[in-house]
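Let us walk through this structure one chain at a time, and then turn to what the chains share.

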Amino acid sequence: MKLFGRRDVPLDGDASGRFLPWLVAVMVYLAALALISAMTMSRAITHWQEGLSGTLTIQIPHDQVPRGGPASKANAAPDAIEPILQLLIATPGVREAKVLEPEEIERLLQPWLGAAAGLTDLPVPSLISVTFDTAAEPNLENLAREVSKISPGAVVDTHQSWLGKVRDLARTVQWVAVLVVALIVGCAIMIVAFATRMGLSVHGHVIQLLHLIGARDSYVASQFQAHVLTFALRGGIAGLLLAVGTVFLAGRTLEGSEAILLPEFVLQPLDWSALLLLPVIVAIVATVTARLTVLRTLGRMP
Amino acid sequence: MCHLADHFRWASSVRFCPLDTAIGKTLVRFEDVALRYGAGPEVLGGVSFHLAPGSFHFMIGASGAGKSSLLSMIYLARRPSGGHLHIFERDVTTLSRHETAMMRRKIGVVFQDFRLLDHLTALENVALPLKISGQRDEKVRRHVAELLAWVGLAEHLDSYPPTLSGGQKQRVAIARAVVGRPSLLIADEPTGNVDDRMAVRLLYLFEELNKLGTTIVIATHNESLVARFNHPVVRLGNGGVRIDRRQPGADARPGKGSAA
């Protein structure tokens, strides 16, 4: 039998000992989900950005196709394509300029329009995909002006406006995640402070005795700290496991569905360590809160 | 008895040495002390007496005379509402929380209602003062077990207080009060729940501790016990204190604090 193993303040039998691990588990669960969403979002954006930097797309409308003309002619290549390709090849820094085949365009549009859409019947604009050398700093304004001289309806799309919107969305998600985590930490502080004060009053006679036989406030505080640390760690790890399980299940459900636009839940080692830190941070915050609450409450006593 | 002294010699080598036994000092000094609870009437008033280091006093008073209140001021549970109280040569009103805790470690208390922790075994209860003062040595266990055996609880080391009789609980409480070999021992009715034979045995324990330098104050109703041991008696009545010197060299100052 260990003589000094047991806690002098019997907090483990308290109501707080039963409900607090669950509360911490739920809080860590929600915080972990918020963090995972934010991190997945930012990974996806980095991924897209890397894929899109140094590229642009030129859309050329079908100005050459007569209105109400035969449907079979809808996808005939516009005349402007050839001069624009020439222009691009002459532009310094362009590594590749490629006209997308109709099949490729169809594949790209499928997620939006579905497999059944008969693209051959639609006047889909032609697309030229342009890739620049990595070091190149092309004058995009100049290029756009030259392109519109050849084909007034052509659009030079650097993807920046689309990426910018997605980036704004991601930033919003990240701020919401930060807010959620901050609220949860605030909640944890309030709950632990409340439970600690409750424990102090429920075990007032024990604490009074400990004081009378010479215990300092820090000794009493250490009893509460040890209790809070145990339940916060236990609850936090449970909450984190639940969150990871939820994300895993969600990933499995979405896999194979048509939602290929959704970012994958692929987390990097750095993200994992941030997630693992979450229950640790919550446990530290809870422990420090318990200590300060005990010291403050007892310090106010005569 | 020698065995017990060994125990305390061990405890003193670990904790409080040397003892504060300098001649001329007082361990407890009441000067016109008054005590009232909140805005209520005075429970005690005009209390003046002092106890020298190494002394042994009984305290007798009718119930309601304020014995427990007076003792609670000595073990620093209450502060006087008037007058001056010095413990270990320190004015108790000037003590910080830290100093109060440190001073309480030098004071062993046997509470009238024992105040054992029900969720700890007898052994753990008795070891608590040592644990609080920072002794985490597993050797402590052996010494605590010896002390409990000495008060006749060898069979109950791992018993929880609710399963013990009143007399057994009382002996656990006494063991807890003396385990750290305090400089000052306050006992409020420490023999109220044991038979005469055990009461005498416990008094011998206190005397043994006293021989090793601990100042002892024992509040009791048991006049026959008081008669059996030759120690000065602090008599408390009607808001005043009188000390009966029953042997030469007792350290009361009757002129100063005598009762009305």
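In this predicted model, the secondary structure of chain A comprises 8 helices and 4 strands, and read from the N terminus its elements follow one another as α-β-α-β-α-β-α-β-α-α-α-α. Chain A has 302 residues, of which 27% count as buried. Among the contacts of chain A whose separation is 6 or more, 87% are between residues 24 or more positions apart.

The strands of chain A form an open sheet of 4 strands, ordered 2-3-1-4 and paired in antiparallel fashion. At its edges stand strand 2 (94-99) and strand 4 (155-157) of chain A, and each of them has a single partner strand, so one side of each is left without a neighbour in the sheet. From one strand to the next, the twist averages 20 degrees. Within this sheet, strand 1 (residues 55-60) and strand 3 (residues 126-132) of chain A run antiparallel and are joined by 6 bridges; in this pairing, Thr57(A) is found opposite Ser129(A) of strand 3 of chain A.

Strand 1 (residues 28-36) of chain B is joined to strand 2 of chain B by 6 bridges, the two running antiparallel, and Val28(B) stands opposite Leu51(B) of strand 2 of chain B.

Which residues of helix 2 (residues 67-74) of chain B are buried? They are Lys67(B), Leu70(B), Leu71(B), Met73(B) and Ile74(B). Viewed down the axis of helix 2 of chain B, these buried residues fall within an arc of 155 degrees, so they line one face of the helix. Just after helix 2 of chain B comes Leu76(B), which takes a positive phi of about 65 degrees.

Strand 3 of chain B deserves a separate look. In strand 3 (residues 56-61) of chain B, 5 of the 6 residues are buried, so this strand is largely enclosed by the rest of the structure. Strand 3 of chain B is joined by 4 bridges to strand 8 (residues 215-219) of chain B, with the two running parallel, and the bridge partner of Phe56(B) in strand 8 of chain B is Ile216(B). Another 4 bridges join strand 3 of chain B to strand 9 (residues 233-237) of chain B, again running parallel, and in strand 9 of chain B the partner of Met59(B) is Val234(B).

By contrast, Thr163(B), in the loop between helix 5 and helix 6 (166-178) of chain B, is exposed, with 12 other C-beta atoms within 10 Å. Thr163(B) and Asp118(B) lie 45 residues apart in sequence, while their C-alpha atoms are 9.3 Å apart in space.

We now come to the nonpolar cores. The largest nonpolar core has 115 residues, and those that touch the most other members are Val28(A), Ala32(A), Leu35(A), Val126(B) and Ile186(B). Helix 1 (residues 15-52) of chain A gives the most to this core, with 14 residues. Once its neighbours within four places in sequence are left aside, Val28(A) is in contact with Gly235(A), Gly236(A), Gly239(A), Leu240(A), Leu278(A), Pro279(A) and Val282(A). Apart from this core lies another, of 12 residues, which include Leu56(A), Ile60(A), Ile128(A) and Leu143(A).

Finally, there is the contact between the chains, which takes 24 residues from chain B and 15 residues from chain A. On the side of chain B that touches chain A, the elements giving two or more residues are helix 3 (97-104), helix 4 (122-132) and helix 5 (139-150) of chain B, and the largest share, 7 residues, comes from helix 4 of chain B. By class, this side of chain B has 12 nonpolar, 3 polar and 9 charged residues.

Technical notes
Residues numbered from 1 in each chain as written. Chains lettered and ligands numbered in written order. Predicted model: local features only at pLDDT ≥ 70, side-chain atom pairs only at ≥ 80, totals over all residues. Contact = placed C-beta atoms within 7 Å. Nonpolar A, V, L, I, M, F, W, Y, C, P; charged D, E, K, R; others polar. Pairing = 2+ DSSP bridges. Axes fitted to C-alpha atoms, helices over the stretch in contact; angles between N-to-C directions. Buried ≥ 20, exposed ≤ 12 C-beta atoms within 10 Å, placed from the backbone. Arc of directions from axis to C-beta. Core = buried A, V, L, I, M, F, W, Y, C linked by C-beta atoms within 7 Å.
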